[in-house]
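Hi,

Here's the structure I promised to pass along. My notes on it follow below.

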Amino acid sequence: MTSKDLPALTIADLQSLLRLREVSAREVIDALRERIEDVDREVNAYLSVDFDAAAQEAETANVDLPLGGVPIAIKDIINIAGQPCTCASKILSGYRAPYDATVIRNLRAAGAIPCGRTNMDEFAMGSSTENSGLKLTRNPWDLSRVPGGSSGGSAAAVAANEAFGALGTETGGSIRQPAALSGVVGLKPTYGRVSRFGVVAFASSLDQVGPLTKTVRDSALIMNAIAGHDPQETTSLNQAVPDYTARLGRDLRGVRIGVAKEYMIPGTDPQVKSAVDSAVKHMNSLGAEIIDVSLPHTDYAVAVYYILATAEASANLARFDGVRYGYRTENPKDLLDHYSRTRGEGFGQEVKRRIILGTYVLSSGYYDAYYLRAQKVRELIRQDFAKAFEKVDALVSPTSPVPAFKFGERTANPLQMYLADIFTSPANLAGICGISVPCGFAKLNGHRLPVGLQMLGKALDEARILQIAHAYEQSTDWHKAHSPISTSWQNA
Amino acid sequence: MAKPSDLDVRYVAKLARLNLTDAETELFQKQLADVLKYAQKLREVDVGHMEAAAHGVPIFNVFREDEPRDWLTAAQALDNAPHQANGLFIVTKVVE
């Protein structure tokens, strides 16, 4: 193995080499730097990477810690002391974080090295990373297509072997969907399982931080580091954290897998449907019991999601006013003009669109009709899942109804883009956990485009969905497939 | 439920302290009317007996000891300000 081969390793394999002292943490950072400098001109996964800071941390890394010496890429919405945190927005240009988010502190305590800030849809609003105010990230499987979003930079970095693993965040699917479109593993933990302290808020009743990785085992390893109670956050769950790797290796015999009839959605791409159907049959052949279930309020989830998420966003984004940090307009005539022009000039179009929608559904006369009603339907969606999980251990579906799409293909019609969140947003509304793992490819114009299989579990059942996802993954070769940009480089 | 046509983007933008160009106002008026029309489907759901859910997890009233602890200094808190002086954030004049 040469240093050029290092970036293709999983976290688990990298750790073995580090612990055997066959490679040093510093050599890993250097190899990663070479890889990023080589391919990120094409992929554009990163907004910035402070290699010198990472190299310095590597010099003192304790490789015997759980993630000792492992570099982890960080979505640009998570604060790291001394580094920019722009949320890919012009309104946070020039901002430098004064402190570490809890997830960063937890990663460091486990020995990991935060390395690089990944691109995203501005303030995590989008499903393609096209709403970044700074750059376009390309899908490593087909550079003419989006990587998904909003954690598109994190997904593309892992898929292109520009990161061993990454943190993303999601509000309605922004970890799972880009993981699916970029062919990697993405986990959304239970609401409250991972602290959001130091993570810029989009919709506080929905947001969660989670890992994007090459394998299910790597996902479990990162979860072991970041999950847990944080007294600085009121929604943080004060519950014991299991070892998420403990159940890995158990088979699927006796596991009950639910398939919801409401998830048979007409707009689903036939190749996506076929890949997911095959995955379900395969799990059945491995001993899992397949059970039909019903989630009757599924059809309302996207409407509920876009009312609640935009309402909360309109309140959370009120803090960006050009007073304490970030962009400020020039020569305002009064304070109102200062606020309105700073925000009008600093925010991109999707963020503005959502602030308008969110402000409207909270405004006097419309609150009951939209916001309050949506909260009540949300409770019905939560109850649907609670009933389903009485009968099954996990629910499976496609992660996204379509594979990666072309740049510009879906931007003209926001409603169409929103509707693609149908499989992912219900889990955020219900606060449950979910994972996306690769389950095949759609073939389009000579390109292989990854398809993601989603597995949802009840609240705090991450260990079980990781076990099920791992058993499926290990019985297939999908996770061993590499994006063209990784293989072309390896053969060079 | 209100009619989607009730949305007046120009008025809501004022409430949100958000300057929009004429082109944005016109575009959002059309696009958000479509989104609100889609949201009308929530009218079909019987929610008469439902409690509103603030989020998916039943946690209420989280308290901690009210004790002083170290946090950012004033200088650190001011460090990102576009305009600061004398330990204060400087903004556009609000009194004559």
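First, a term: helices (H or I, at least four residues) and strands (E, at least two) are DSSP runs, numbered from the N terminus. This is a predicted model, where local features need pLDDT of at least 70, side-chain atom pairs count only at pLDDT 80 or more, and totals for chains, interfaces and linings use all residues. Residues are numbered from 1 along each chain as its sequence is written, with chains lettered from A and ligands numbered from 1 in the order in which they are written.

A:Leu248 sits in the loop between helix H7 (216–226) and strand E7 (256–260) of chain A. A:Leu248 is buried, with 21 other C-beta atoms within 10 Å (buried means 20 or more such atoms, exposed 12 or fewer, partly exposed in between, with C-beta atoms placed from the backbone). Leaving out residues up to four places away in sequence, A:Leu248 touches A:Arg217, A:Ala220, A:Leu466, A:Gln467 and A:His470; contact means C-beta atoms, placed from the backbone, within 7 Å.

Next, helix H3 (residues 51–59) of chain A: A:Ala54, A:Glu57 and A:Ala58 are buried there. Seen down the axis of H3(A), these fall within an arc of 105°, so they line one face of the helix (the arc is that of the directions from the helix axis to the C-beta atoms). The face turned away from the buried side carries the exposed A:Asp52 and A:Glu59.

As for the interface, 46 residues of chain B are in contact with 57 residues of chain A. H2(B) gives the most to chain B's side, with eight residues.

Cheers

Conventions. Contact = placed C-beta atoms within 7 Å.
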